[in-house]
Structures are given as structure tokens and as C-alpha cells.
Amino acid sequence: MQARPSNKDSYATSDFESVYLKQRQTTGPEFYDRSNLSRKLGLFGLGFAVLFSWFCIFEGIMIFLSKKSISSGVVVVSLKNDWERELLSLGLNLMVTTCTEATGFVHAISLRSALASDQRLRFNTNLRLLSAGSGWFNPNGTFFNIVMAILLIVSYSSSLLVALSIDLRSSSGVADTGIAVCVSDVPLIVLGVSLMIQAFIALAGMRSADILTWSSSPFDITAALVHHAQIVGEPGRCMRGVRDGFSDKPVAPSAKQPSAWRAHTSVRKVVLTLWALVACCIVWGVVVTILSDRDIGNALRSWTFFPRPQSHVIAYTIPLPGGVYWWWIVYYANMAGVQGPLTLALHCSELVANVIRDERVWREATTAGGAKVSTNPLAFIFGSPPNVILLLAKPLLHWMLGLGINLAGTAEDGYLAAISVSMFPIQILNFACALFIFCLTFSIVALWRPKGPQPAAYGHVQTLANLIDEWSPTMWWGDKGMGPQARRAGESRLLCTVASRTD
């Protein structure tokens with residue numbers, strides 16, 4: 001067994017910390033759920049992501065080979081209105097979110113198992129792209145996490161580059177004239193390839209990790225670690241939560257527990273990052289507003305949700321000489337520079353949502369229904385309001401950002417000659433407002449302090465192992481009678497109350 005820390009710092013002082021191991025293979029009955037249903041859903045999601053990626057690649061190749069394409073890479077589709085183009089863009093964002101969430105679930109389970117094998121798993125939920133297992137080129141290691149982060153940004157950037165508004169008035173060889181909505185081959189192919197590589201990395205990570213359970217429940221992973229003797233409960237800590245020190249002396253119950261902001265250092269970093277992103281977007285919108293119209297009041301009075309021909313805008317043009325494809329790198333660099341911070345910030349927001357979800361299911365142990373060790377994986381996710389808000393916010397915020405920074409092309413003599421990057425200040429400020437509401441919501445969630453004497457765990461596996469002394473399919477937490485020095489609390493098959501002191 002590893003030496004016990006002598007300092008009195010809380011469990012949450014660092015993002016990773018070794019759990020206390022006991023060198024034996026298994027202990028006690030197998031009372032955790034391996035969650036084969038979650039495994040089947042994860043593999044089904046990976047399959048769906050691969051099929052959609054193949055569809056994107058196939059459609060991109062067909063556009064490239066089409067005789068109706070402009071500059072051998074852009075084909076006109078029968079969409080006459082701007083809202084149809086935006087609907088196509090929103091639909092692609094929804095599909096990207098669906099595929100990346102499915103891939104991310106498998107990758108997160110693999111990473112959690114890799115951290116447990118490395119004796120570095122502290123919380124049930126971890127920052128998937130910012131946490132890594134041992135080994136630089138391990139599928140769950142640092143190198144492939146960097147690749148996954150880049151591919152995630154490329155996926156969302158591609159969804160906004162697929163549909164372009166192109167001016168065909170000076171183009172010959174096309175049936176339509178005027179502004180038309182076109183679909184590009186390069187972003188479709190890049191989108192398909194990026195989604196496929198993400199799925200393959202997640203699959204490789206799954207095969208390389210020793211996955212004890214596929215369940216996202218903090219109970220199942222804690223029970224699995226206890227069963228396999230990878231973690232043991234510490235005596236004398238039945239009333240000490242994740243923020244309490246290492247002392248095993250008796251402590252009086254508290255009426256309120258610390259918030260996730262105080263209990264989890266990474267939660268603070270995520271929330272502060274979100275607010276920094278909000279500030280940057282507001283500054284960006286104000287600067288673009290001043291550059292497009294020095295009268296900010298006049299610009300705000302022309303508010304619209306969708307950009308219009310008469311909207312305030314600043315733009316710059318990137319040429320596409322002779323349809324040279326390597327110029328797409330420049331367009332991706334432009335979009336990734338804007339999409340990247342948002343993509344990573346929303347990814348990090350998963351930590352806040354999942355930590356609150358883990359604490360919510362733990363606190364059900366003081367309700368009449370009790371805490372269920374194993375639950376339906378879909379109900380576990382969609383029954384958590386922060387998770388639902390995040391799932392809806394991801395495609396919506398990416399789409400709204402696409403309204404603020406838009407790409408449009410110009411065709412000359414049947415060739416795509418240039419693409420202009422337009423920034424609409426009102427739409428950028430609309431996006432900043434939506435991001436502000438999202439950030440405010442998650443800040444309130446992170447600052448929420450649970451009521452009652454039940455110690456807060458927030459998915460911290462060592463704390464749960466300390467607090468749960470009896471495992472059963474449904475558990476209640478409460479008073480368990482007199483101990484050697486004082487009354488003790490723990491899990492039982494009956495609901496018992498604990499009197500708390502006021503803070």
C-alpha cells in the first residue's frame with residue numbers, strides 16, 4: 001500500500017493523485033454493473049460516425065467528379081434562400097455533434113480506465129482531451145489527445161465551410177445566374193476523414209484499455225475499483241467529503257456542503273475560461289462594429305438575427321487562383337482560429353455538467369427512492385439538465401458563430417475565383433449574448449451548494465469508497481448508530497436521518 005499523505009490538504013488540491021492500492025486481485029462480491037448496454041450504445045455510435053464519415057467522403061468525391069461543378073470542387077444545389085443554407089449548416093452541426101459525442105463517450109470511458117490502470121484516477125469525470133494515460137503514443141496518451149483535439153476543431157470548421165453562397169453573375173457555363181448556394185467537395189471530404197480518424201482512435205483506445213465497466217455512474221466505477229482491490233475505503237472518514245482534509249477525527253455534520261467550484265480545481269478553470277471567451281467575443285463584436293460603422297448606436301438599431309445584404313459588415317478576400325486546392329488550408333486556418341477556442345471551451349464544459357450529475361445521483365441516497373447503483377445510460381445523461389443544456393448548446397453556438405463569420409465565393413468564367421470572409425458585428429454580438437447566457441448558467445451550477453449533512457463527493461472515487469461501507473442495488477445514506485468514539489454514518493438498505501449543525 002502506498003504511504004498515506006501527511007499533509008492536511010484536501011483531496012482536490014491537484015487534478016491527479018494516486019489512489020491507495022492493495023496488492024491483491026479481487027475482494028468481496030462483484031457488486032458493480034459492467035453496463036453492456038452502454039458498451040453496445042457506444043459501439044453503435046462509433047458505427048454511425050464511421051458510416052456518416054464514409055457518406056461525406058463519397059459525396060465529396062462525387063462533387064469532385066461532377067461535370068456540373070465549378071472549379072472542379074463546388075456544385076450548385078437547389079437552395080434559393082439564405083435560410084435554407086443556414087438550415088443545411090445547422091443540420092451539419094447537429095450531425096457533427098452526434099458523431100463526436102458518440103466518439104467522445106467511448107474515448108472518455110477508455111481514458112478513465114487508462115487512468116485507473118495508471119493509479120491516477122481521482123474523479124469519475126475527467127477532461128478527455130486534456131488528460132492522458134501513460135505513454136506518449138498510447139491511444140489514450142498525449143499525442144493522440146492532441147490529434148483528437150485538432151480533429152474536433154476541424155470537424156466543426158468543416159460543417160461551416162461545406163455550404164457557400166457564390167455569386168454566379170459573372171460565371172459562364174452554369175444554368176443559374178445571381179447568388180446561389182453551393183456545396184464544396186474539400187470540406188465534405190475533410191469532415192468525413194476527421195470523423196473517421198476520431199472513431200478509429202477511440203476504437204484503438206478502447207482495445208488498449210482494461211475497461212472494468214462501461215457505466216458512466218460514479219457508483220459503478222468506484223465499486224469496480226473496490227472489487228478489484230485498486231482502491232480501499234479509509235476508516236474514520238464517514239463524514240468527510242472531497243474538500244475535507246486527511247484527518248480521521250470525528251466531525252459534526254454541516255447543513256450545507258461546498259460547491260463544485262470549491263471542491264474541484266478544474267471546475268474553476270473551466271468556468272473562468274468560459275468567462276474569458278465571453279469577454280473576447282464582446283470585444284471582437286465591438287471592434288468589428290466600430291470598423292464597419294463608427295456609430296455603434298446606429299449599428300445596434302439595425303439589429304437582425306440573420307445577416308442581410310444591408311447589414312453592417314467588414315470583409316477580406318482570399319483568392320483561389322485556378323481552383324488550387326491548397327488554398328483551402330488558409331480558409332481552415334481562418335475558421336479554426338475562431339472555432340477552436342469555442343470548441344475546446346464547450347468540450348471542457350462537459351466536466352462541469354458531469355461533475356454536477358455525479359453529485360446529483362450521489363445525493364439521491366438521502367431521498368425516499370434511494371441511490372440506484374446502476375441506471376439506464378440514456379436516462380443517466382438526458383435526466384441531467386446541465387448535460388441536456390450542453391448537448392443543445394454545442395451545435396447551436398457553433399451555428400450562431402457561423403452566422404457572425406461567413407464565407408462567400410465569387411465565380412468567374414465557370415471557376416471559383418475567390419472566397420471572401422465576412423464578419424457581421426450584430427451577429428457576433430448575438431453569439432456573445434448566447435454564450436453569456438450559457439456561461440452564466442454553468443457558473444450558477446458550479447457555485448451551487450448542496451443542502452444537507454451528506455458529505456459532497458462530486459464523483460471523487462476515494463471519497464465515495466470512504467462514504468459507502470455497504471453496497472447494494474439501491475442505497476440510502478444516514479445514521480448507523482454509535483461507533484468506537486462517536487456516532488457514524490454510512491450506507492444501508494433503510495433511510496436514516498442525520499442531524500446537522502448550521503454553518
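Is W275 buried, exposed or partly exposed? W275 is partly exposed, because its relative accessibility is 27% and the class runs between buried (under 20% relative accessible area) and exposed (over 50%), with a 1.4 Å probe and protein chains only.

The structure is a predicted model, in which local features need pLDDT of at least 70 and side-chain atom pairs count only at pLDDT 80 or more, while totals for chains, interfaces and linings use all residues. Residues are numbered from 1 along each chain as its sequence is written, and side-chain values use heavy atoms, with hydrogens and water left out.

**Overall picture**

The protein has 13 helices and 10 strands. These elements are DSSP runs numbered from the N terminus: helices are H or I with at least four residues, and strands are E with at least two. Of the 503 residues, 54% are buried. The protein exposes about 21900 Å², and 64% of this area is supplied by carbon and sulfur atoms. Accessible areas come from the Shrake-Rupley method with a 1.4 Å probe; for residues, only the protein chains shown count as cover.

A contact means heavy atoms within 4.5 Å. Among the contacts with a separation of 6 or more, 76% are between residues 24 or more positions apart.

**Confidence**

The predictor's confidence in each residue is given as pLDDT, from 0 to 100. Its mean over the protein is 79, and 76% of the residues reach 70 or more. Among the elements, α12 has the highest mean pLDDT (93), and strand β10 (residues 487-492) has the lowest (56). Over residues 1-29 the pLDDT is below 50, although this stretch has 81 contacts in the model beyond near neighbours in sequence. Residues 171-176 also stay under 50, with 11 contacts beyond four places in sequence. Where pLDDT is low, the predicted coordinates should not be read in detail.

**Aromatic residues**

A pair of aromatic rings is described by the distance of the centres and the angle of the planes. Rings of Phe, Tyr and Trp (its six-membered ring) pair if their centres lie within 6.5 Å; planes under 30 degrees apart count as stacked, over 60 as edge-to-face and the rest as tilted. This rule gives 8 aromatic pairs. One of them joins W275 and F436 edge-to-face, with 5.5 Å from centre to centre and 70° between the planes. The two residues belong to distant parts of the chain, 161 residues apart: W275 is in helix α7 (residues 265-292) and F436 in helix α12 (residues 425-447). F436 counts as partly exposed because its relative accessibility is 38%.

F137, F143 and F144 form one aromatic cluster. Of these, F143 is found in helix α3 (residues 142-161) and is partly exposed at 32% relative accessible area. F143 also belongs to a nonpolar surface patch of about 540 Å², together with W136, F137, I146 and I150. Patches are made of residues with over 30% relative accessible area and no salt bridge; like charges are joined within 9 Å, and nonpolar side chains (Val, Leu, Ile, Met, Phe, Trp, Tyr) within 5 Å.

F306 lies in the loop between α8 (296-301) and β5 (314-319) and is partly exposed at 36% relative accessibility. Leaving aside neighbours within four places in sequence, F306 is in contact with E86, W399, L403 and Q427. F306 and E86 are 220 residues apart along the chain, yet their C-alpha atoms are separated by 9.1 Å.

**Salt bridges**

A salt bridge is a side-chain nitrogen of Lys or Arg within 4 Å of a carboxyl oxygen of Asp or Glu. The count comes to 5, and the table gives some of them.

| Salt bridge | Closest N and O atoms |
|---|---|
| E101 and K394 | 2.4 Å |
| K394 and E350 | 2.5 Å |
| E364 and R360 | 3.3 Å |

E101, E350 and K394 are linked in a network of salt bridges. E101 in helix α2 (residues 82-117) and K394 in helix α11 (residues 385-404) are 293 residues apart. K394 is in helix α11 and E350 in helix α9, so this pair ties together parts that are 44 residues apart in sequence. Both K394 and E350 are buried, whereas E101 is partly exposed at 24% relative accessible area. E364 is partly exposed at 26% relative accessibility, and R360 is partly exposed at 29%.
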